[in-house]
Amino acid sequence: MPSAANHPHECTVFFLPGLGLDAASAGAIAASADPRLRVVGIDLLDRGRAASVDDLADTALERITAEVDGGPFLVCGHSLGGKVAARVMARVLAGTEQVFGLAGAVLLAPSPPTPEPMPDDKRAEMLATAQGDHLSREDAAAFVSANVATPLSAEVNDAAIDAVVRQPASAWRDWLTAGSLEDATSLVGALDLPVVVLAGEDDEALGADAQPDLIAEVYPRARVERMPGVGHLLPYEAPERVAAVLAETWDAIRAAAPVVPAEWGRVIASSRVDVAVRRALAHRAIADDRGRAPRTLNRAQVETLRALAALLVPQGDGPSIDLATRIDDMLAEGGTDGWRPLGSPADPIAYARGLDAIAAVWPGEVAEQRSLIVRLITDGIDAAGLGADGIRSWFEDARNDLLRMWLAHPASLARIGFDGFAVGGTGPRPAGWSAISAGERETWEPSELGETVVEGAA
């Protein structure tokens, strides 16, 4: 796996091309990309098969694993590559792949996990052109012309036609008769991460009018951007806008969450980490959606909890974890510890009552807010319905929950230098330690944890 130091970038973008395109079609996007982004094009169909979304995801993940550096990455999938991107992201977030760092996606007229909407006559027409080893140059030119809103420049048009001709016709046949018809909904589920979908207004089947309905169940946080005067071949028609949206998406993610250092990302991706642990850390690393509607608390209660969190668990300068949103999720999912004093209500009710009581007396000055927190810990305040011990026991639980949410994030584990999550592993026996000593680290550990290197288990 390449060292993060070899690449002076903040984030990698893995481009998964659509039918008729290949890795080279990412060239114009890469040329326009923000220098903080490294764009890596992946050939999905050069092996000549596309009968299964998981087959294509295997190809993508093999190459992502070889190129990923432990730092954050985005997936950029176009058309067919969008359907594959959904499966790739689902597998990464499941923890089953030795990959870590997925932060979000920019999808270009993506084919959905459901069967791709395509009229039967168009499918038959495309199949008729893909009967030999490769499409003819004439058929390739017709395909490009039919999928752009306005003619491309001669140079770009020739490059697009070359890409179509290079692709094995067997991959076209597989995709048209099997892969595009596959319903991968159960394999993908809902992917709750930052996603932007770009769609041309002149793309009939997978364009701006179709995409909101196609992606709604899969990407609950997606934003669809309509692109006037653009057809289906966005990497050739609008590479500068695609590059700009990639940078905007990365900026939004970078501002909303702390980044896990690349060395730590490589440890999480390694075979030393159990699948279930990698899955949990992958989900925890995703930037919070601060604008979403609360699931258990109301908006005022979430804001009060954010104000408390800022004082109780200060995260320093820079991006922070939205601990209040994470506690709201925890309450919705029943993830609390289950303990409460006799006579106290269940945790969701206790949180609501406690936060309402605090909001009623919350002062405007920080010094007074700190004084109120001391009072909540020592004497408490009146809080109807919180049992004989009033607010103090609930507030102790809330402080523990806030700290637990912070510590659960992989960037926090890196910040305190804790890598004990990496002693289980996917092998038949736990990976364990070779040595535990102050100031010493094993070869697999991040370099910041010690000067003396001790040879450890792979």
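Lys and Arg are counted as positive and Asp and Glu as negative, with His and the chain ends left out of the count. On this basis, the chain of the predicted model carries 39 positive and 66 negative side chains. The centres of the two sets are separated by 5 Å.

The fold comprises 19 helices and eight strands. The radius of gyration of the chain is 25 Å, close to the 23 Å given by the globule rule for 458 residues, so the chain is as compact as a globular protein of that length. Along the principal axes, the C-alpha atoms occupy a box of roughly 80 × 55 × 35 Å.

Of the 458 residues in the chain, 50% are buried. When contacts between residues at least 6 apart in sequence are considered, 77% are found to join residues at least 24 apart.

Thr325 belongs to helix α15, which spans residues 323–333. The relative accessible area of Thr325 is 7%; because buried denotes a value under 20%, Thr325 is classed as buried. With residues up to four places away in sequence excluded, Thr325 touches Asp289, Arg292 and Arg306.

Notes. Residues are numbered from 1 along each chain as its sequence is written. This is a predicted model: local features need pLDDT of at least 70, side-chain atom pairs count only at pLDDT 80 or more; totals for chains, interfaces and linings use all residues. Side-chain values use heavy atoms; hydrogens and water are left out. Helices (H or I, at least four residues) and strands (E, at least two) are DSSP runs, numbered from the N terminus. The radius of gyration is taken over C-alpha atoms; the globule rule is 2.2 Å times the number of residues to the power 0.38. Buried means under 20% relative accessible area, exposed over 50%, partly exposed in between (1.4 Å probe, protein chains only). Contact means heavy atoms within 4.5 Å. The place of a charge is taken as NZ of Lys, CZ of Arg, CG of Asp or CD of Glu.
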